[in-house]
Amino acid sequence: MIMLYLKKLIPFLLIIWLVPAALQAQNNNQLSREDLERRKRELQKEIDEANQALKETKRSTRESLGQLRALRNKIYLRTRLINNINEEITFINRDINTAYRDVKTLQKDLDTLKAQYAQLVVYAYKNRSAYDMLNFVFSAQSFNDAIRRYQYLKQYRDYRRRQADNIVETQELLNKKIAHLQGQKEKRAQTLESEQEQRKTLEEDKKEKDEVLSKLKGREKELLADINKRKKDAQQVQSAIRAVIRREIEEARRKAEAEELARRKAAEERRRREEAARKAAAAAAAANNTATVAAPPPAETPKPAPVEETPAPRSSNVLEATPEALALSEGFENNRGKLPWPVTNGNIIGHFGRQHHAVMERINVENDGIIIATSKGAAVRAIFEGEVRRVMVIPGSGYVVMIRHGQYFTNYVRLQTVTVKTGDKVRTSQMIGTASTNDIENQGEVELQIYKGTAKQNPEYWIMKR
């Protein structure tokens, strides 16, 4: 009888063990699905921003590089969105397959439980007589055996009750699984429809991009003139910036040398005074010895204290010669990748370094920083605290504001107006001016440059990701 009880109990234990595992696997998939949903919302938001940028550039009377960039950005973002949707479809298919397996397993378990319960009912019917139950107990060979038989009967009744409860719970779980399966099938159909709509829109974007590109290629002479002008303007800006940085370095070097010379002179003067005092003390002691023979020997003249050396800075960079400049440098470095953008809203339309032109790919253009498209007249803000070292006006590039942060310099080029002057101390995110307006693109523009000494840095490595 005990073996029969164990055989009937094993399937119930398997269900208790397998069902939570299946639910946990479903929760893990759900977390991944939530990540995909979040990414899809973010991509859709970026696509909406790209549509708004394209809408602004279309207000111009002619096709422009801004339109081409906005269309290419839309195509890139929509392609990523389609890939994201396909990943979501893969998760849904995987969830559907898992649900199919769970339904089959639960159906099989339910059939097994019902069959076992039917056997229990038949067995209980055949042994329904109270005399048979009492006879089973009192036919024991000892009192302890009778107790064990009574406990067995009690456990057997409890097992029957649990078996009935398991049938009800398994049936409810099966119904939920079937409903979930149906819901996933409906969601897959909706997602597939969304994917097809996105592909259709993507083809339309590609067609519009090809049309704009074709019209722009018909204006290569005009674009080439614009490239040469921008290159000339950039050279003027870079020459002016490097000249200022060289002056800053030279001024810091002269100041450091003057401070070092003053420190050495002070140390030498202190050494001469201590030597003179030592000689005077020695002469006084000798005179005292000749006057009084029995006098005790003079005490030793104390040696002059060693001159304390100023600890060397972390580097030989004269731009970090002062504690304030060193603190600014270290603070700037510690915020690498976390610095705020110079504008509240915007997107990068010109990346750092050398790259192919958007239309004439055989021509390379080179940027000393990153060019950010923003709204016309947008506020431009300092990306880190520091001191304004120069405010310049350069033809073709508008105002240029240079802010020093120890050995680092941030340069804000193509400003329409400025609100700071040379010598001002600025805070992080403090407004320093407004972005210039590109009439052809019908949008605002600002260029951010970062220098470490005279070495150009890629600003995209320093500002926060968006």
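Is L192 buried, exposed or partly exposed? With a relative accessibility of 38%, L192 counts as partly exposed, where buried stands for under 20% relative accessible area, exposed for over 50%, and partly exposed for what falls in between (1.4 Å probe, protein chains only).

The model is a predicted one, in which local features need pLDDT of at least 70 and side-chain atom pairs count only at pLDDT 80 or more, whereas totals for chains, interfaces and linings use all residues. Residues are numbered from 1 along each chain as its sequence is written, and side-chain values use heavy atoms, with hydrogens and water left out. The pLDDT, which is the predictor's confidence in each residue on a scale from 0 to 100, has a mean of 78 over the protein, with 76% of the residues reaching 70 or more. Over residues 1-31 the pLDDT is below 50, and beyond near neighbours in sequence this stretch has 25 contacts in the model, a contact being heavy atoms within 4.5 Å. Where pLDDT is low, the predicted coordinates should not be read in detail.

In its secondary structure the protein comes to 6 helices and 12 strands, taken as DSSP runs (H or I of at least four residues for helices, E of at least two for strands) and numbered from the N terminus. Of its 466 residues, 36% are buried, and the protein exposes about 28,100 Å², of which carbon and sulfur atoms supply 53%; these areas come from the Shrake-Rupley method with a 1.4 Å probe, and for residues only the protein chains shown count as cover. Among the contacts with a separation of 6 or more, 74% are between residues 24 or more positions apart.

The largest nonpolar core has 26 residues, and V380, V401, I403, Y412 and I432 touch the most other members; such a core is a set of buried Ala, Val, Leu, Ile, Met, Phe, Trp, Tyr and Cys residues joined through side-chain atoms within 4.5 Å. The elements that give two or more residues to this core are β4 (370-374), β7 (398-405), β8, β10 (431-438) and β11 (443-452). Leaving aside neighbours within four places in sequence, I403 is in contact with residues including A382, V388, F409, Y412, V426 and I432. Apart from this core lies another, of 15 residues, among them L319, M392, V400 and M402.

Strand β8, spanning residues 408-418, also holds R414, which is buried, with a relative accessible area of 15%. The side chain of R414 makes a polar contact with the side chain of E445 at 3.0 Å, a polar contact being a pair of N or O atoms within 3.5 Å; within protein, one must be able to donate a hydrogen and the other to accept it, and residues adjacent in sequence count only if both atoms are side-chain atoms. Beyond its neighbours within four places in sequence, R414 is in contact with residues including R230, I371, Y399, A435 and E447.

Side chains of opposite charge can pair when their charged atoms come close. With a salt bridge defined as a side-chain nitrogen of Lys or Arg within 4 Å of a carboxyl oxygen of Asp or Glu, the count comes to 22 salt bridges. One of them joins D368 and K456, whose side chains meet at 2.9 Å, N to O. This pair links distant parts of the chain, since D368 sits in the loop between β3 (364-367) and β4 while K456 sits in strand β12 (residues 455-457), 88 residues apart. D368 is buried, with a relative accessible area of 8%, whereas K456, at 27%, counts as partly exposed. K456 is also in contact with residues including Q238, R242 and F352, and its C-alpha atom is 9.6 Å from that of G353, 103 residues apart in sequence.

Another salt bridge joins the side chains of E387 and R389 at 2.8 Å, N to O; E387 is partly exposed at 24% relative accessibility, and R389 is buried at 14%. In helix α5 (residues 220-291), R254 and E250 are 4 residues apart and therefore separated by about one helical turn, and they form a salt bridge whose closest N and O atoms are 3.9 Å apart. R254 is partly exposed at 48%, as E250 is at 34%. Finally, E268, E269, R271, R272 and R273 are linked in a network of salt bridges.
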